[in-house]
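I opened this entry to keep track of what I looked up, in the order I looked it up.

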Amino acid sequence: MAIASQDRAVDTIAKSCIAVRMRLLNRVITNIYDDTLRPLNLKISQFNILIVTAKLGIARPARVCEILQLDTSTLSRNVERMRAHGWLEVVPERDARVQPFRLTAQGKRLIDRAVPAWEAAQRQSAELLGDEGVALLAKASQKLGGPCADP
């Protein structure tokens, strides 16, 4: 590739790369939620797992990974930390490899305590994105069958 051609490609990518903009947006929004949830020793990634688990009742790891688009090692690492905090418990299963889990009473109380912080982060994020940005995110997520869809 000629230098002039490469320079044009670099300029085009720097100005229009969707992935760069999504990753930036992800980091900014994640930090907003993590900052509001920090007093509860909770991250938004963990809160999402708690919410999906609450909706499912008994959460099978493969289903949670599908809903949240997580890889199994990320989910496993988070579930272990959340079990150590007493927020989740493993449900006995014949096949020990499956390891479904559910909320504990402590996990349910944590959701109740976290809702006001989540609401504050939601408001702050909505202000940053504007109504149009929020609507576009919801539309894109629904197209992908993401967490906005019912589990």
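The notes below go from the helix pair to the salt bridges and then to the loops.

**Ground rules.** I am working on a predicted model, where local features need pLDDT of at least 70, side-chain atom pairs count only at pLDDT 80 or more, and totals for chains, interfaces and linings use all residues. Residues are numbered from 1 along each chain as its sequence is written, and side-chain values use heavy atoms, with hydrogens and water left out.

**Helix pair.** I took helices (H or I, at least four residues) and strands (E, at least two) as DSSP runs, numbered from the N terminus. I looked up how helix α3 (residues 44-56) packs on helix α5 (residues 72-84): the angle is about 85° and the axes are 11 Å apart. α3 is therefore roughly perpendicular to α5; that term covers 65 to 115 degrees, with under 35 roughly parallel, over 145 roughly antiparallel and the rest oblique. The axes are lines fitted to C-alpha atoms, for helices over the stretch in contact, and the angles run from 0 to 180 degrees between N-to-C directions.

Next I listed who meets whom, with contact meaning heavy atoms within 4.5 Å. From α3 there are Ser 45, Gln 46, Ile 49 and Leu 50, and they meet Leu 75, Asn 78, Arg 81 and Met 82 of α5. By class, the residues of this contact are four nonpolar, three polar and one charged. The classes put Ala, Val, Leu, Ile, Met, Phe, Trp, Tyr, Cys and Pro under nonpolar, Asp, Glu, Lys and Arg under charged, and the others, Gly among them, under polar.

**Salt bridges.** I counted a salt bridge where a side-chain nitrogen of Lys or Arg is within 4 Å of a carboxyl oxygen of Asp or Glu. The count comes to four, and I noted the following pairs. For exposure I used relative accessible area: buried under 20%, exposed over 50%, partly exposed in between (1.4 Å probe, protein chains only).

- Asp 35 and Arg 38 meet at 2.8 Å, N to O. Asp 35 is partly exposed at 44%, while Arg 38 is exposed at 53%.
- Arg 63 and Glu 66 have their closest N and O atoms 3.2 Å apart. They sit three residues apart in helix α4 (residues 61-68), so about one helical turn separates them. Glu 66 is partly exposed at 49%, and Arg 63 is partly exposed at 28%.
- Glu 80 and Arg 83 meet at 3.0 Å, N to O. These two are three residues apart in helix α5, again about one helical turn. Arg 83 is partly exposed at 34%, and Glu 80 is partly exposed at 42%.

**Arg 38 again.** I placed Arg 38 in the loop between α2 (18-37) and α3. I also checked Arg 38 against Arg 8: they are 30 residues apart in sequence and 43 Å apart in space, C-alpha to C-alpha.

**Thr 104.** Is Thr 104 buried or exposed? I found Thr 104 buried, with a relative accessible area of 13%. Thr 104 lies in the loop between β2 (101-103) and α6 (105-144). A polar atom of the Thr 104 side chain lies 2.4 Å from the backbone oxygen of Gly 86. The side chain of Thr 104 also reaches the backbone nitrogen of Gly 107 at 3.0 Å. Leaving aside neighbours within four places in sequence, I noted Gly 86, Trp 87, Leu 88 and Glu 89 in contact with Thr 104.

Notes
Polar contact = N/O pair within 3.5 Å; in protein donor to acceptor, adjacent residues only side chain to side chain.
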